[in-house]
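Subject: Structure handover

Hello,

Here is the structure for your files. My notes on it follow below.

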Amino acid sequence: MEYMQQLIEEYREMTAPLLKYLPWFEKNAGQAGNSFYQGPDADNQTMAIPVYDATLMSFVKEAANSPLMDRNYPYVYTRNNIRTHDDERRVIERAGIREWDLLKGILSKYVLGGRTKSMLWSQGVQENIFYLVLKQMRQIIGFWDKSRGLGK
């Protein structure tokens, strides 16, 4: 029981700074989270530059520095046979406290992977992945707080 209390408290501390972004992700579900800037003299020869929402960039920066990041996230995907966004959503929905590392892996793919493929940040918003992962983490913490009498 003491171990569970410590674990839930640790999870709460990890997620607390990121949960403030939940309303923004819920409001922007299905939207790209970015736009493209081409400049005033744009023609079909110029490259469009993605411009990301400031809230999304704040979330990415804060999440990247959190203990929720798992640099071995590709292993989470191969081990659990996750290939599509639908697979991700299905796994997130079914996740419990034992699958916490799975949720961390999915979140890490979009946050850390976005450093080299910035389209992942937009996909995380558009496909509702950021919202679903944070919501599931909050539900897991809430469930164990209430069911075990661990709440504050």
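On one side of helix α5 (residues 85–94), Asp-86, Glu-93 and Arg-94 are exposed. Exposed means over 50% relative accessible area, buried under 20%, and partly exposed in between (1.4 Å probe, protein chains only). Helices are DSSP runs (H or I, at least four residues), numbered from the N terminus.

This is a predicted model: local features need pLDDT of at least 70, side-chain atom pairs count only at pLDDT 80 or more, and totals for chains, interfaces and linings use all residues. Residues are numbered from 1 along each chain as its sequence is written, and side-chain values use heavy atoms, without hydrogens and water.

Back to α5. Asp-87, Glu-88, Val-91 and Ile-92 are buried there. Down the axis of α5, the buried residues fall within an arc of 130 degrees (directions from the helix axis to the C-beta atoms), so they line one face of the helix.

Now the aromatics. Rings of Phe, Tyr and Trp (its six-membered ring) pair if their centres lie within 6.5 Å; planes under 30 degrees apart are stacked, over 60 edge-to-face, the rest tilted. The count is nine aromatic pairs. Phe-25 and Phe-59 have ring centres 4.7 Å apart and planes at 85 degrees, so this pair is edge-to-face. Phe-25 sits in helix α2 (residues 22–27) and Phe-59 in helix α3 (residues 54–64), so the pair ties together parts 34 residues apart in sequence. Phe-25 is buried at 2% relative accessible area. Phe-59 is buried at 0%.

Phe-25 also pairs with Phe-130, tilted, at 5.3 Å and 40 degrees. Phe-130 lies in helix α8 (residues 129–147), 105 residues from Phe-25.

Regards

Conventions. Helix = DSSP H or I, 4+ residues; strand = E, 2+ residues; numbered from the N terminus.
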